[in-house]
Amino acid sequence: MELTKEEQSALNGEKGDALQTAYRILVATGEATNAEKLIPINWAHLSGVNYNTIGDAGEEFLRKLSKDAKVKVKATVNPMGFDFDHISEFNHIEEDFIAKQKSIRDSYIRMGVEPTFSCTPYDIYDLPKQGTQVSFAESNAAIFANSLGNLKTNKESAFSALASALTGKSPYSDLRKDDIITPMTIRMAIDNPNELDFGMLGFFAGKVGDTSVNISGVSQPNRRSCKALCGGMGTSGTCAKFQFVDSEDEESEKIAFGKEEMNEVYDELNTAEKGDLITLGSPQLGLEELSDLSKMLKGKSFQKRCMIFCSRAVQEQARNLDYTNEIKRAGGEILSDCCTCLTPLIDTNETDAVTTNSIKGAYYLKNSTGVDVNLKPLSKIIEDETR
Amino acid sequence: MTKIIVPGRASGIVLKTTNPINFLGAVDKKTGVIHDQKYDIYKKSIQNTVLVFPHGVGSSVGAYTIYSLKSNNVAPVAMICKKADLTVASGCALADIPMIVLCDEEFNTIENGQQIQIDTESDKILN
């Protein structure tokens, strides 16, 4: 990869340790993606905020880095482990976890990020104009940006997005170019698919697809289904982009996603008949989803604990529009700055299984939190779990 | 063709897997042991090995796992892949773990348990 004189001198350490680290990361990721140069980006979304995922080494790294590092472009950040406003309601969370999480939060804020603590930056901000180069690490957000947001990003890693935030640059990799080759078309062969089916389609597509896939047989899924598709796809593989197509390209390899393929995903992730509690939100719910939920809950109440995750910005908007009152009245607990994935809020001493409609959530509940999962679409959750 | 992603020098015993590795989900960052039973190197430690695997998959935060492994002194001394991905490349760059990418043919000749030397400055990178 070719570097400008200025980039080379930063790599040599002439502009301080933080930028040297950032350029070392950019050079490695540039080599990894066969990029010939670095190009400017104008928004970075960072992962690596939850203490559960980055641990002591990550906490210490960010604490040291933030002593003199500052972000150069707009930077937003992923969810933390929990919602500081509600932490006193969760007695099982250890003091050490709370202290380390606070340190991580403060390090990011010191570097100048916007404290969004959300995996759905596309639900919080208006997206920049078509074709804008960004660097999104959160996989569902990267896939959403490339596939539905008309933006361009690699499926960045936590460090490559951080390096982009500190330098305002990213390798000019294939995903950033206009002529991406998409050698595979997946046909959605499930009738009237709900958001859970779209999540499973995404999980399947992530496994079989390479960098980009076409999806046929789908007409205008709603936002909940689109987000589920992005979440599922980001969880299982390296695929960073999809496009809905009307007809199948003669040239591309064709694969059907039918009952058999869907059952295989379902059997991999669904391991319980019912859950001890319900979680909604991975990705975190947007305003439209909270509006739907408040309507579905009219006159009903949850019969067990239901945690509902959305960003703080979306929660404020929902409060102003009066959606949150109905949800809270029905017994829903609305939590911000965190989400289903890797949250310590779920007490594994008291919880054996969780009911959710999220494929991404299911994967991490099972593999990281270590609980069983009961998968159901939202409509079925409301039907079975409320009165 | 051998491609250098993160330069450096290292030598160690090869631990090879046919599974793409999800660092966040499958590797214990404190011990370096693979704790996902779906892997053919389940229960093996990657500490001080030359870790040979097709490529990384899964969460973008896996880069922090690689950095944590190094901080906890349980990281591989080098990594060799068939395909470079951003998570492994950036994790190795920050943790200063040499990483190279080999073509299928060369990748296939590397055997589990073999002693291997990597020197990205040398004419012959692999020995």
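The dialogue below asks what the labels on this predicted model rest on.

Tutor: Residues count from 1 along each chain as its sequence is written, and chains are lettered from A in the order in which they are written. The model is predicted, so local features need pLDDT of at least 70 and side-chain atom pairs 80 or more, while totals for chains, interfaces and linings use all residues.

Student: What makes H3(B) mostly covered?

Tutor: 10 of its 10 residues are buried. Buried means that 20 or more other C-beta atoms, placed from the backbone, lie within 10 Å of the residue's own; 12 or fewer means exposed, and in between is partly exposed. B:Leu86, B:Ser90 and B:Ala95 are among those that pass. The helix itself is a DSSP run (H or I, at least four residues; strands are E, at least two), numbered from the N terminus. B:Asp96 follows H3(B), with a positive phi near 55°.

Student: Which residues have the most contacts inside the largest nonpolar core?

Tutor: A:Leu46, A:Ile308, B:Ile5, B:Ala89, B:Cys92 and B:Met99, in a core of 149 residues. Such a core is a set of buried Ala, Val, Leu, Ile, Met, Phe, Trp, Tyr and Cys residues joined through C-beta atoms within 7 Å. Helix H2 (residues 17-32) of chain A gives the largest share of this core, nine residues.

Student: How do you know that chain B is in contact with chain A?

Tutor: Contact requires C-beta atoms, placed from the backbone, within 7 Å. By that test, 26 residues of chain B are in contact with 30 of chain A. H3(B) gives the most to chain B's side, eight residues. That side has 15 nonpolar, eight polar and three charged residues. Here Ala, Val, Leu, Ile, Met, Phe, Trp, Tyr, Cys and Pro count as nonpolar, Asp, Glu, Lys and Arg as charged, and the others, Gly among them, as polar.

Student: Why are S3 and S4 of chain A said to stand at the edges?

Tutor: The open sheet runs S3-S2-S4 in chain A, with parallel pairing. Strand S3 (74-77) and strand S4 (135-136) each have a single partner strand, so one side of each is left without a neighbour in the sheet.

Student: What makes S2(A) and S4(A) a pair?

Tutor: Pairing needs at least two bridges found by DSSP. S2(A) and S4(A) have two, in the parallel sense. They qualify. A:Ala44 stands opposite A:Ser135 in S4(A).

Student: Which helix packs on the sheet?

Tutor: H7(A), residues 158-167, touching S2, S3 and S4 of chain A. 10 of its 10 residues are buried.

Technical notes: Contact = placed C-beta atoms within 7 Å. Axes fitted to C-alpha atoms, helices over the stretch in contact; angles between N-to-C directions.
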